[in-house]
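Please read the following report alongside the sequence and the coordinates. It moves from the chain as a whole to selected local features.

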Amino acid sequence: MNDKEIELIILDEVKRQKEFVQLIASENFVSNDVLKATGSILTNKYAEGYPGKRYYGGVENADRIENIARDRLKKLFNAKYVNVQPHSGTQANIAVFQALLEPGDKILGMSLTSGGHLSHGFKASSSGKNYTAFTYEVSKENNELDYDEILQIAKKVKPKLIIAGASSYPRKIDFSKFKEIADKVGAYLLADVAHIIGLIVTGNHQNPFDVGVDVVTSTTHKTLRGARGGIILTNDEELSKKIDSAVFPGTQGGPLVHVIAGKAITFKEALEPEFKTYIENVIENSSAMANKFIEKGKVVSTNGTDNHLFLVNTKKSFGLTGKQSEELLWNANIVLNKNVLPFDEESPSITSGIRIGTAAMTTAGLTKNDFIKLADIIIEILDSNSKEIATKKKLEVLKLLGRKYEKFNIN
């Protein structure tokens, strides 16, 4: 690389990813095939439009790639219509809003503090600025979804669109109950499965299309372990036409052909039997790690997890904010993120807890026993509130990482 300044930074990032435990729930490690595709000469090609209906010439290979990606995604979800062009999960949601709503229409989504996403109606995002957004919370008793309460809110609000999905919710989401609620108030139902997509396509979580959800959006990188981007799926032909128009030309220009190629490879990998085993390991590792915290008397939201992530109340467990916990663990080469908890009294920049995810390090090769060991290390560091002890624990972390990254090399 001629640009040595950037090359050195990339090499620093290679070193960081190899020497730090990555416990951020929205991150993962892609395969070498996905890396090659997303870094390929396909980035040179502009391909506005859709296969067979482009605005430029020389798109025959772009068409082939996008059609393959579409077919594989349809097979993964058993869906009839898909769009693989959104640049991100947020872009996918924005396109769905534009397709189904008029400015000012009412939407109902999970609040940010209960585990929802910025694009589900948060006041600072376009979803909160362009639409009249209302929220539902989790139960104060157990921090889980209360579908009866959501129904009452929906009856009162009468939204045009209900959003089911989360970015930090550790339990299964009952899309059939959300569908009943949506039908009772005459609303569209959007399932944002960005975090749990890997669980859905392997049969470890309810598929929204099995219960008649109108539209599904997702990212392709988190538990699907693929190229970073977004997707939209539906079984309704008329909705699919509106969605395609909302993506292009409604909210985006030319698609990223190199990323779509990476998505296509991602979908192929997710169709392999090995991927189901991987996801089952992710869930097992997450549960084992969460249970270790519980065994040690620490406060875990919902008292456990059904998926790839869980939340620890660090203020109640260790007397530390989420920010303090995140910064302390960094000294031991452990990377995770501070996270708001349900009904959190701290600001999002401070928080009362942390979010821990197991998808990335399961890819890297850590086993159930490794994750239990990691939980012990984290608990010891946070109990001590000592930078010195955290720095000493770095040696154990590096030893744990020594034999990893065998299949998904970072180079």
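Predicted model: local features only at pLDDT ≥ 70, side-chain atom pairs only at ≥ 80, totals over all residues.

Residues are numbered from 1 along each chain as its sequence is written, and side-chain values use heavy atoms, with hydrogens and water left out.

**The chain as a whole**

The chain has 16 helices and 14 strands, where helices (H or I, at least four residues) and strands (E, at least two) are DSSP runs numbered from the N terminus. Its radius of gyration is 21 Å, close to the 22 Å that the globule rule gives for 411 residues, so the chain is as compact as a globular protein of that length; the radius is taken over C-alpha atoms, and the rule is 2.2 Å times the number of residues to the power 0.38. Along the principal axes, the C-alpha atoms fill a box of roughly 60 × 60 × 40 Å. Of the 411 residues, 56% count as buried, a term that means under 20% relative accessible area, with exposed meaning over 50% and partly exposed lying in between (1.4 Å probe, protein chains only). Among contacts (heavy atoms within 4.5 Å) between residues at least 6 apart in sequence, 74% join residues at least 24 apart.

Strand β7 is mostly covered, 5 of its 5 residues being buried. L161, I163 and G165 point one way from β7, while I162 and A164 point the other way. In a regular strand the side chains alternate between the two faces of the sheet. Two strands are taken as paired if DSSP finds at least two bridges between them. On this basis β7 runs parallel to β5 (residues 106-110), to which 2 bridges join it, and I107 stands opposite L161. With β8 (residues 188-192), β7 pairs in the parallel sense over 5 bridges, and the partner of G165 in β8 is D192. The chain crosses from β7 through α7 to β8 in a right-handed β-α-β crossover, meaning that, with the strands pointing away from the viewer, the path from the first strand over the helix to the second runs clockwise.

**R171**

R171 lies in the loop between β7 (161-165) and α7 (175-185), and R171 is buried, with a relative accessible area of 15%. Leaving aside neighbours within four places in sequence, R171 is in contact with E144, T302, N303, G304, T305, D306 and N307. A polar atom of the R171 side chain lies 2.8 Å from the backbone oxygen of T302, and the R171 side chain also reaches the backbone oxygen of N303 at 3.4 Å. From R171 to N313 the C-alpha distance is 16 Å, with the two residues 142 apart in sequence.

**Backbone details**

Elsewhere, a cis peptide bond joins F248 and P249, with omega about 10°, and P249 has its place in helix α9 (residues 237-251).

Conventions. Polar contact = N/O pair within 3.5 Å; in protein donor to acceptor, adjacent residues only side chain to side chain.
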